[in-house]
Amino acid sequence: MHELLPLSWMRVDAIRPVYRDITLPFSRTRWITCADIPHGYSVQILYEDLSCSYPDGYVFRGCPSAIGAYFSSANCSLLRTGAEAVLDLHKPHIEGKAVAGSLAKGKKHGFVEEISLHEANMRLFGQFRSETKHAGKPQLQHLFRDDPAAACRSFVFRSFSGQWLAAMTLSERGPAALHTELMLRHRHAPGDSMECLVAGIFEVLEREGLHEWSLGEVPFLMPMHPSQEPLTPMERFMVSLASCCKHAYDYEGLYRFKNKFAPEWRTVALCTNCTPSPVMLAELALAMGFTDLLVHQSLDRLRQWIFPS
């Protein structure tokens, strides 16, 4: 059995992998943002192929522990960046009190439906994204498959009148294992819409006999297990910077939402065959648009302070 792929890397029926990458602006290291990996590729084959494909250096995020251990033994460096919330589809993740109350209220507003992404639904998806809560802000880039057609499955929570209230897309990252890509809610949707969507998707995947479903990463969350090493100086530096940027990216709120479902929290890491450094973190922040979001949110906060409503 092959280990789970990094987040947003997908298993496909193909002979050769397809890597999507961008060049970081200063170091010229290639950031592999996502990839389509053949089902037959083991971790060893993947490592050898990356070494041949990127002789001048590469970095990728969302690296799970099994792949991280192999790459680390092959002289790559790991930088823990957060944790992903994983739901075991054979356990009662949607039966807890924190979720039950939301479902009781949310089911009054609509139902969950899996959709195919034909031309009409792609147009609806585009319109829906322009009406989400964060649509007016700079968007983070290259952190997930943001083209719905690039994922393998799509679900919506639809009101009884037909309006989309929430939407999610999933990709296949391993045998019977799916990963969340887009997670979107309409700006006027009832507060429990996303909980209903997660619960509805969980029931569908459970019936299909799949093993697990990742709700995705919460960055800067470090749920350290007793067996794990303490944070390195670089990891402490990253977490301390992140704590100063909560007004730009509410990772604590994201954690509270995903933790409602009592997931297993698994550490994920940045993996590189170069040396991780503050410069590399800055390059990634620029490339993913986090600096644009930080500036936008900081200016907005300043305006609210100067001109309170």
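Guide: Buried means under 20% relative accessible area, exposed over 50%, and partly exposed in between (1.4 Å probe, protein chains only). This is a predicted model, where local features need pLDDT of at least 70 and side-chain atom pairs count only at pLDDT 80 or more, while totals for chains, interfaces and linings use all residues. Residues are numbered from 1 along each chain as its sequence is written, and side-chain values use heavy atoms, with hydrogens and water left out.

Visitor: OK, how many residues does the largest nonpolar core have?

Guide: It has 34 residues, and those with the most contacts inside it are Leu197, Val198, Ile201, Leu205, Trp213 and Phe261.

Visitor: Which element gives the largest share of this core?

Guide: That's α5 (193-207), with 9 residues. Helices (H or I, at least four residues) and strands (E, at least two) are DSSP runs, numbered from the N terminus. Other elements that give two or more residues include β5 (77-88), α3 (97-106) and β10 (212-219).

Visitor: And what is Leu197 in contact with, leaving aside its neighbours within four places in sequence?

Guide: Counting contact as heavy atoms within 4.5 Å, Leu197 touches Val112, Phe155, Val156, Phe157, Ala166, Ala167 and Met168.

Visitor: Switching to rings. How many aromatic pairs are there?

Guide: The count comes to 15. Rings of Phe, Tyr and Trp (its six-membered ring) pair if their centres lie within 6.5 Å; planes under 30 degrees apart count as stacked, over 60 as edge-to-face and the rest as tilted. Phe111 and Phe160 make a tilted pair, 6.0 Å centre to centre with 35° between the planes. That pair links distant parts of the chain, with Phe111 in strand β6 (residues 110-115) and Phe160 in the loop between β7 (153-159) and β8 (164-174), 49 residues apart.

Visitor: Is Phe160 buried or exposed?

Guide: Exposed, with a relative accessible area of 57%; Phe111 is partly exposed at 35%.

Visitor: Why is the pair of Phe125 and Trp164 edge-to-face?

Guide: Because their ring planes are at 80°, with centres 5.6 Å apart. Phe125 is in helix α4 (residues 119-129) and Trp164 in strand β8, 39 residues apart. Both Phe125 and Trp164 are buried.

Visitor: Last one: what follows α8?

Guide: Gly289, whose phi is positive, near 80°. In helix α8 (residues 278-287), the buried residues include Met280, Leu281 and Glu283.

Definitions and conventions
Core = buried A, V, L, I, M, F, W, Y, C linked by side-chain atoms within 4.5 Å.
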